[in-house]
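Student: I would like to go through this model with you and ask, for each label that we attach to a residue or a pair, on what grounds the label is given.

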Amino acid sequence: MNAGIIGIGRYLPEKVVTNADLEKIVDTSDEWIRTRTGIEERRIADDSLDTSDMAYESALKALDNAGIEAEELDLILVATVTPDNPFPSVACMLQERLKASKAAAMDVSAACAGFMYGIITAKQFIETGTYKNVLVVGVEKLSKITDWNDRNTAVLFGDGAGAAVIGQVSDGRGILSFELGADGTGAKHLYQDEYIIMNGREVFKFAVRQMGESCINVLEKAGLSKEDVDFLIPHQANIRIMEASRQRLELPAEKMSKTVDKYGNTSAASIPIALVEELEAGKIKDDDLLVMVGFGGGLTWGAMAIRWGR
């Protein structure tokens, strides 16, 4: 039995904050932001919209895309570091709102690698036959833990949600291999105090090394090579980090998803948001081999090779 993605959806707040807008509130410039991060604008949720609201909207779209009802869900996993409250979990709030009465529910805290952790956790339940349908949501309202006076972090983050339904797919398709990892010794480089605190230089070095290595590792585990990859969907944190992963796989630029310019770093939401974008643009077709890879605070990382299609 192969587990794969059978439905996907996303939600992005309406409010757009451009680099020019940030120039008015913090000592920065559009050129500085674009050249160092690739970001031109980001979406920011207003006070009426919390993490669970965005999770709900993306989940509805994923369920509709999968062609199943919420009552058919066996488990809900929400990857987030910005829950509405410390508890109850966003997953439990989502379960109630969806009326997914038979689903177990819990949050996953692995920062920007959270969606990868959620997908791989779901895979185990599907392939053992324990559960049939698992909803995985990556969602963040990073604007509420961003220090808008800190020029090093205020320019980076955005809000949004992406959701995927994981279930059984046909032979040859689905998740072919994966890698999850953590290095707690690097926790001091990226963490939340009142706001997000980041040692950009150290996180950059870690991400460039680990993202590339993880991409190669999942291909080797699947018995595949760089030439087999049709599309790369990296965590949308920084264009220079993303480019390093693309170059490690020797892929042309058009075979890498790039949404960081429009949405910034949405942490656990970035990979599913980007996946929906590329599907809607017609860049991903059935039986394409995708590599997805993310890294985040913890420090954590996760990657997988997936043969697209149901």
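Student: What makes both faces of strand 12 count as covered?

Tutor: On one side L289, V291, V293 and F295 are buried, and on the other L290, M292, G294 and G296 are buried as well, where buried means under 20% relative accessible area, exposed over 50% and partly exposed in between, with a 1.4 Å probe and protein chains only. Since eight of the eight residues of strand 12 are buried, the strand is largely enclosed by the rest of the structure. This is a predicted model, in which local features need pLDDT of at least 70 and side-chain atom pairs count only at pLDDT 80 or more, while totals for chains, interfaces and linings use all residues. Residues are numbered from 1 along each chain as its sequence is written, and side-chain values use heavy atoms, with hydrogens and water left out.

Student: Which residues have the most contacts inside the largest nonpolar core?

Tutor: They are L232, L249, V291 and F295, in a core of 39 residues; such a core is a set of buried Ala, Val, Leu, Ile, Met, Phe, Trp, Tyr and Cys residues joined through side-chain atoms within 4.5 Å. Helix 6 (200-221) is one of the elements that each supply at least two residues of this core, and the largest share, eight residues, comes from helix 6.

Student: Why are the buried residues of helix 4 said to line one face of the helix?

Tutor: The buried residues of helix 4 (residues 90-98) are V90, A91, L94, Q95 and L98. Seen down the helix axis, they fall within an arc of 140°, so they line one face, the arc being that of the directions from the axis to the C-beta atoms.

Student: What makes E277 and R10 a salt bridge?

Tutor: Their side chains meet at 2.6 Å, N to O, and a salt bridge is a side-chain nitrogen of Lys or Arg within 4 Å of a carboxyl oxygen of Asp or Glu, so the pair qualifies. E277 lies in helix 9 (residues 270-280) and R10 in strand 1 (residues 2-11), 267 residues apart. With relative accessible areas of 13% for E277 and 14% for R10, both are buried.

Student: Why do K205 and E202 count as partly exposed?

Tutor: K205 has a relative accessible area of 45% and E202 one of 28%, so each is partly exposed. Both lie in helix 6, three residues apart, about one turn of the helix, and their side chains meet in a salt bridge of 3.2 Å, N to O.

Key: Helices (H or I, at least four residues) and strands (E, at least two) are DSSP runs, numbered from the N terminus.
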